[in-house]
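Visitor: I have just opened this entry and would like a short tour. Could you take my questions as they come?

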Amino acid sequence: MTEAKRNTEINQRLANLFESNVHLLEDGAAGFMNAARKPAIEAFRKQGIPDFKTENYKYTDLSKVFASENHRRVFTYEDINVNLRELFQCDVPELDTNLVMMTNGWYYSGNEQLTELPKGVVVTSLRKAAVEHPELVEKYYGKMADPEKDPLTALNTAFAQDGVFIYVPRSVVVEKPIQIIDLMRGGEDTYATQRNLVIAEENSQVKVIFCDHTLDPQDYMVNNLTEAHVGENAVVDFYNLQNQHNKAVNLNGLYIRQERNSNVLTNTLSLHGGIVRNNLNVLIDGEHAEANLFGLALTDKSQHVDNFTFVEHAHPDCQSNQLFKNVLDDKSTGGFTGRIHVGRGAHGTLAYQRNNNVLLSGTAKMNTKPQLVIDNDDVKCSHGATVGRIDEEALFYLKSRGIAEREARLMLMYAFAHEVLQEVRVDKLGERIDELVNKRLRGEVSKCHSCVMDCES
């Protein structure tokens, strides 16, 4: 079978899957969510599953992943007959957070009511919020993530049923971070769709932590998309700690729209996962706004992590910073595509982008493509990328001071990673991630280690 014919069959199979299950997708869902489904599946038909020939996915061929017909779909909530809070031990046990869990893309029925949230703050199921707060959800749902521009976004919009909804009213500060633990669980290979919506009104502040995990050794795939509206003068942090096993496929999308004087930080930390694709899209839609995007991926074996970023400067006097780093070992591969667009009216823009990568073996591979599109002369912008090995001169210097070679290499790798790790603005989270990265570099963490189960057995 030719590659083109295989892809055509995959695309048709996914479209047929939608048509045969649209009644389940629409059952109990809000009307505006259902109204978006058919246009989204039509957008997907036009684009198809991305492969190496798709410009924005040239480093990650997802057609091979979607070729499998073994994944079951989760079209209704499945109750899990275990106490996940007892079974699951978070990587950051000391972290004081407002905690909710998701299981296979659905809001976990065992979530406790969050009693310490400030007045007016809502953290609940997206499905529930669409019914109880339609005026909020409908206003922002689908407004930042355009199915016509990305096939994974189109698939997510067509199949979305549940996720997490977070609403922070104007001038409200949420002191405790909101932590969302996304769990994949089940005795069969499973595909899940999750849709999240975060609304931070003007002058509000909130930190959101996503933790992606697997609890069984099955093949898992998740298409997880988050839309975020950040109002005027609002400050919002997004952290994503990705720690799934090596047979998991994590397709993660984050779409952010910022209003004037707002401040956004994202930090994506990929510790484990078979195939990880992160799409980060930021529209700076107001003057004097600032966006900071950071990422770190540590890969070995045959793991693959691909980060795609698109930051659009649409207004004057705004700033964006991007720093993504990869440490690759064994036969692992990585990709980075970073795009900055400075619009015609966005004078006074400051935009910086950097991608640095270290290869620890002769078989590891990294592809990188930083891009700048500038339609304005009054700007300061720069971008750059490096792919290399450990600095031999620095290694020699450390060894000459009596430090064993293995320890010297670890010190250099940790120093390389620390530039990203120091951009975590939650103290306990930063401390724990430092420990996890240190262990990961030492090879002490060879599999997902976030639960008391031994998945490999």
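Visitor: Is isoleucine 181 buried or exposed?
Guide: Isoleucine 181 is buried, because its relative accessible area is 0%; buried means under 20% relative accessible area, exposed over 50% and partly exposed in between, with a 1.4 Å probe and protein chains only. The model is predicted, with local features needing pLDDT of at least 70, side-chain atom pairs counting only at pLDDT 80 or more, and totals for chains, interfaces and linings using all residues. Residues are numbered from 1 along each chain as its sequence is written, and side-chain values use heavy atoms, with hydrogens and water left out.

Visitor: Where does isoleucine 181 lie?
Guide: Isoleucine 181 lies in strand 6, residues 178-184. Helices (H or I, at least four residues) and strands (E, at least two) are DSSP runs, numbered from the N terminus.

Visitor: And how far apart in space are isoleucine 181 and methionine 413?
Guide: They are 28 Å apart, C-alpha to C-alpha, and 232 residues apart in sequence.

Visitor: Now histidine 71: where is that?
Guide: Histidine 71 is in the loop between helix 4 and strand 1.

Visitor: Why is histidine 71 called buried?
Guide: Because its relative accessible area is 16%.

Visitor: What does histidine 71 touch?
Guide: Leaving aside residues up to four places away in sequence, histidine 71 touches Asp189, Thr190, Tyr191, Asp219, Tyr220 and Met221. Contact means heavy atoms within 4.5 Å.

Visitor: Let us change topic. Which residues of helix 1 are buried?
Guide: They are Asn7, Ile10, Asn11, Leu14, Ala15, Phe18, Asn21, Val22 and Leu25. The cover over these buried residues includes helix 2 (31-35), helix 3 (37-47), helix 4 (63-66), strand 1 (72-73) and helix 8 (151-159).

Visitor: How do helix 1 and helix 8 lie to each other?
Guide: Their axes come within 10 Å and cross at roughly 30°; axes are lines fitted to C-alpha atoms, for helices over the stretch in contact, and angles run from 0 to 180 degrees between N-to-C directions. Helix 1 and helix 8 are therefore roughly parallel. Angles under 35 degrees count as roughly parallel, over 145 as roughly antiparallel, 65 to 115 as roughly perpendicular and the rest as oblique.

Visitor: Which residues meet there?
Guide: Leu14, Leu17, Phe18 and Leu25 in helix 1 meet Leu155, Ala158 and Phe159 in helix 8.

Visitor: And what about helix 9 and helix 10?
Guide: The axes of helix 9 (residues 392-400) and helix 10 (residues 405-421) come within 9 Å and cross at roughly 130°, and the two helices are therefore oblique to each other.
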